[in-house]
Amino acid sequence: MTNNYHIGPSRDEVQAHRGASAIAPENTLAAFRAAAEQGARWVELDVALLGDDTLVVIHDDSVDRTTSGRGSLGELTAADIASLDAGTWFDPKFSGERLPTLSQVIALLGELGLSANVEIKQHKHHKSLDHLVHAVQAAIAGRSADTGIMISSFDPQALAAMHALEPDLEMAMLWWSPPADWQDVLKAIPSRTIHMNYKALSIALLEETSRNGVKVRAWTSNNPVELVSFWGAGLTGVITDNPSLFLG
Ligand code: G3P
Ligand code: CA
């Protein structure tokens with residue numbers, strides 16, 4: 001399938017948001033397989049710790065919305081989540097999908113030839129930031145040689161802590177809208193990448209980021225039309241629930 005737009009992101013700049021979450025249950029192995037089937041090379045995923053320090057791939061701070069279970073992540077252990085169904089809520093055909101650990105996802109990405117944007121979610125139940133970033137570091141250490149990793153977060157302290165452990169990884173600052181001192185925030189991380197709510201993008205901002213050598217990806221867009229004027233102004237990539245819309 002081809003799209004009708006003359007310009008757009010390169011294949012390496014289309015990230016499947018929580019996997020191909022338009023067609024499979026978010027943040028499950030099925031969603032990452034679906035992203036690969038659509039031809040994506042990158043997936044975005046969210047990580048958080050359970051009460052027993054198991055690092056899992058899930059967006060919320062509880063399992064209520066996306067599994068058959070109930071409870072806050074901080075009250076649950078690996079044994080508790082092992083039997084939860086993370087697929088039926090989306091579509092019964094995904095019955096039996098599990099809530100995966102980051103290590104399980106990293107292993108699958110190696111098999112699929114995919115790379116990952118690991119979004120570090122900061123939740124109130126986390127014991128410490130240090131604890132969290134070391135868990136991420138341990139999980140990504142198991143990646144295959146072909147699996148690229150970048151880190152993103154709404155929390156600049158999480159990016160700074162992760163950068164101290166993994167200085168060679170790209171760190172992306174997540175923003176709903178750019179703060180006035182956005183350049184200072186990036187320098188403190190340090191990061192040269194912004195992941196921006198697509199509704200807060202403007203040509204003026206992109207021209208400014210381009211002038212300053214800062215990369216900008218847009219989230220979460222499921223309509224190529226809404227981004228079409230931004231590619232020429234310096235937008236680099238897109239995070240989308242449906243990569244096929246942008247892969248052309
Ligand atoms: O990576 C961008 C996007 O995932 C941030 O928002 O809430 O979907 O994690 P959210
Ligand atoms: Ca995310």
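**Reading backbone, core and helix features**

Modeller: We may begin with R18, which sits in the loop that runs between β1 (14-17) and α1. Please keep in mind that this model is predicted.

Colleague: What is the phi of R18?

Modeller: As a general idea, most residues other than glycine have a negative phi. In R18, which is not a glycine, phi is positive, near 60 degrees.

Colleague: Is R18 buried or exposed?

Modeller: One counts the other C-beta atoms within 10 Å, and 20 or more make a residue buried. R18 has 26 of them, and therefore R18 is buried.

Colleague: Which loop holds N27, and what is its phi?

Modeller: N27 is also placed in the loop between β1 and α1. Its phi is positive, about 55 degrees, although N27 is not a glycine. N27 is buried because 28 other C-beta atoms lie within 10 Å.

Colleague: Which residues does a cis peptide bond join, and what is omega there?

Modeller: P190 belongs to the loop between α6 (182-188) and β7 (193-197). Another cis bond joins W219 and T220, where omega is about -25 degrees. T220 is found in the loop between β8 (215-219) and β9 (237-240).

Colleague: Which residues surround ligand 1?

Modeller: W219 and T220 are among them, and so are H17, E44, D46, H59 and E119.

Colleague: How many residues does the largest nonpolar core have?

Modeller: The general idea is that, in soluble globular proteins, nonpolar side chains tend to be buried together. In this model the largest nonpolar core has 72 residues. F32, A35, V43, V47, V56, V136 and M162 have the most contacts inside it. Helix α1 (residues 29-37) gives the largest share of this core, seven residues.

Colleague: With which residues is A35 in contact?

Modeller: Setting aside neighbours within four places in sequence, A35 is in contact with A16, G19, A20, A40, V43, L114 and P243.

Colleague: Which residues of helix α7 are buried, and which are exposed on the face turned away from them?

Modeller: In α7 (residues 203-211) the buried residues are L205, L206 and T209. They cover an arc of only 95 degrees around the axis, so they are on the same side of α7. The face turned away from that buried side carries the exposed residues A204, E207 and R211. The buried residues of α7 pack against β7 and β8. After α7 comes G213, which has a positive phi near 70 degrees.

Colleague: Where is R192, and how exposed is it?

Modeller: R192 lies in the loop between α6 and β7. A count between the limits for buried and exposed makes a residue partly exposed. R192 has 16 C-beta neighbours inside 10 Å, and therefore R192 counts as partly exposed. Apart from neighbours within four places in sequence, R192 is in contact with L186, G213, V214 and K215.

Colleague: Which residues does UniProt list for the domain?

Modeller: The UniProt record, an unreviewed entry, lists residues 12-248 under "domain: GP-PDE". Over residues 12-248 the chain is 28% helix and 19% strand. The end C-alpha atoms of that stretch are 13 Å apart.

Methods: Residues are numbered from 1 along each chain as its sequence is written. Chains are lettered from A and ligands numbered from 1 in the order in which they are written. This is a predicted model: local features need pLDDT of at least 70, side-chain atom pairs count only at pLDDT 80 or more; totals for chains, interfaces and linings use all residues. A residue is near a molecule or strand if its C-beta atom, placed from the backbone, lies within 6 Å of it. A nonpolar core is a set of buried Ala, Val, Leu, Ile, Met, Phe, Trp, Tyr and Cys residues joined through C-beta atoms within 7 Å. A residue is buried if 20 or more other C-beta atoms lie within 10 Å of its own, exposed if 12 or fewer, and partly exposed in between; C-beta atoms are placed from the backbone. Helices (H or I, at least four residues) and strands (E, at least two) are DSSP runs, numbered from the N terminus. Two residues are in contact if their C-beta atoms, placed from the backbone, lie within 7 Å. UniProt positions are given in the numbering used here, feature names are shortened, and annotations may be inferred rather than shown by experiment. The arc is that of the directions from the helix axis to the C-beta atoms.
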